[in-house]
Amino acid sequence: MSKVLIKGNEAVAEAAIRSGCRYYFGYPITPQTEIAEYMAKTMPKVGGLCLQAESEVAAINMVYGAAASGVRVMTSSSSPGISLKSEGVSYIVGCDLPCVILNVQRGGPGLGGIQPSQSDYYQATKALGHGDMHLFVLAPSSVQEMASLTSDAFTVADKYRMPVLLLADGALGQMMEPVDFDKISFSNPPEKPWAANGHGGARKKNIITSLYLKPEELEDTVLKRAEKYKLVEENEVRYEEYLCGDADIIIVSFGITARISKSAVNEARKNGIKAGLLRPITLSPFPSKKLRQLADTASAFLSVELNMGQMVNDVRLATECKKPVYFYGRTGGSMPSSEDVYEQILAINGGMKK
Amino acid sequence: MAEFDIRRILADITVVTGHFGAGKTNFSANLSSALSDLSHVYLIDYDNVNPYFRALDAKKALNGKDVTVIASEFANTNVDIPSVPPEIIGALNSVSSGDRVVIDVGGDMLGAVSLGYIHDKIAANAHGTVYVFNAYRPLTSTPEEALGVMREIESAGGFKTSYLVNNSNIGAATEKEDIEKTADFADKLSALSGVPLLCTCYMTESAPEISGNVLKIKNYTKRLF
């Protein structure tokens, strides 16, 4: 099996298994249940374990335990289920443990709906858990990337000993596209001398905890973690740049809306409007430096999201208000068409000319 | 290789099953469109599994054809509860007055379970079951796996499979050769199951060069961008 026709959710599951992930803990929720189904069918064939926990809270704490033992492990859910996991995520960060978490976003708040959304951007990038913490957040925008970024997620998680969140949406999870697994490189799990996996008296015991009795000790670990975040920002920021070089209007968009926006950019170019697209692939750390540079050459930015305007504020911060930053979005499970986005480009272009 | 006239499916009621993502919905829409040359057709969106991509999406594209699409009033909404549209009983009853029915069943055995509710109504009429498979789907990537899924569906839905339909493709990237490569797979599945291969579907410009029937189909699935 090299090239297959596959759903986004299945692509994540298959890529996780190829990345050496042998433990999956989850709880069903639309629109990501295919992951658990795929894991349930496939994990026994590769000697792994797929376990449906009694709740999302239980599942993330099983991930916590498995990660502490040094194995590659993941969980997945959709928006309301991810909220439930946030306490466990904070503990995992507090222990500097690697794991992969997938959010196939649906409409919110509350139970919301089952149609696609990007309304968990704030939660993913600012506060999926209490404490001074960040996750490494990757935003795939095709089924191929659902697979390839899953592989990268495991690599980054192990490299920096931090949880990686894959922020997808219902459309990416459910839609089918060809995926070429031969084009993806999969890393082997590295040695983990810090893991609590039994020592038989042969070494000093490894203690994994997020509890520090002395304030100075806790401060020290938080400071060290902040150093790590700085390193991640230096080394791991990723984005796709499409026709930005000479662009007057640059759309900033991630995930499924970046696909829609790209069509709109092409339409604009056909009609003589210099439009471009900057697609952040890492949402945290955010490609701020790149946007700051683009603010010197572009005339306006347009953030297109499936929410009421969340990433748009990161675009404003990154561009230091040098140029106007507009927003266009749909929410509640509705999707904009590329024509809708093109109309926004036209409106901005008209305004600039006035 | 011969171009297949899908209207040769003689049954009044055709039940379309398969692994999820095999292309059941698109095949059902194509079949309904073709059968509407002969009589009025009810296309029943009987998918209680898939939240997003379903037969209801083909409604607009089937406009102008003598096809009535019946779907749960909750299809494509936020109601995440499997439900059966009451209109299907009327549709199944109308078979006696010359209408044809195509039932697009949800994926795998989980989707086929709901066939139990209308089993007797289907069994009382001339009916056939088509098992659609795609050799490029990871969980049915060997004839043995595809047979396993087929047997699970048969036992959950209560119907033996009458025909196989080879719908192997890798989406828009499909080349004619990709389909041709699956001919052996199809023959082996047919031999293993004892079920005849009805046809091999294609959307490519020219037909795959294989022995047996080929069927040119249209794309009725929802496009997001």
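**Exercise 1.** State how many salt bridges are counted between domain 1 of chain A and domain 2 of chain A, and describe the one formed by A:D314 and A:K126.

*Solution.* The count between the two domains is three salt bridges, a salt bridge being a side-chain nitrogen of Lys or Arg within 4 Å of a carboxyl oxygen of Asp or Glu. The side chains of A:D314 and A:K126 form a salt bridge with an N to O distance of 2.8 Å.

The model is predicted: local features need pLDDT of at least 70, side-chain atom pairs count only at pLDDT 80 or more, and totals for chains, interfaces and linings use all residues. Residues are numbered from 1 along each chain as its sequence is written, chains are lettered from A in the order in which they are written, and side-chain values use heavy atoms, without hydrogens and water.

**Exercise 2.** Locate the two domains of chain A and give the distance between their C-alpha centres.

*Solution.* Domain 1 covers 4-235 and domain 2 covers 240-353, with bounds from an automatic or database domain assignment. Their C-alpha centres lie 28 Å apart. The contact (heavy atoms within 4.5 Å) takes 29 residues from domain 1 and 24 residues from domain 2.

**Exercise 3.** Give the area buried between domain 1 and domain 2 of chain A, and name the residues of domain 1 that lose the most.

*Solution.* Buried area is the accessible area (1.4 Å probe) that two parts lose on being put together, summed over both. Here the domains bury about 2,200 Å², with 54% of it on carbon and sulfur atoms. On the domain 1 side, A:Q118, A:Y121 and A:S141 lose the most area to domain 2, together 32% of what that side buries.
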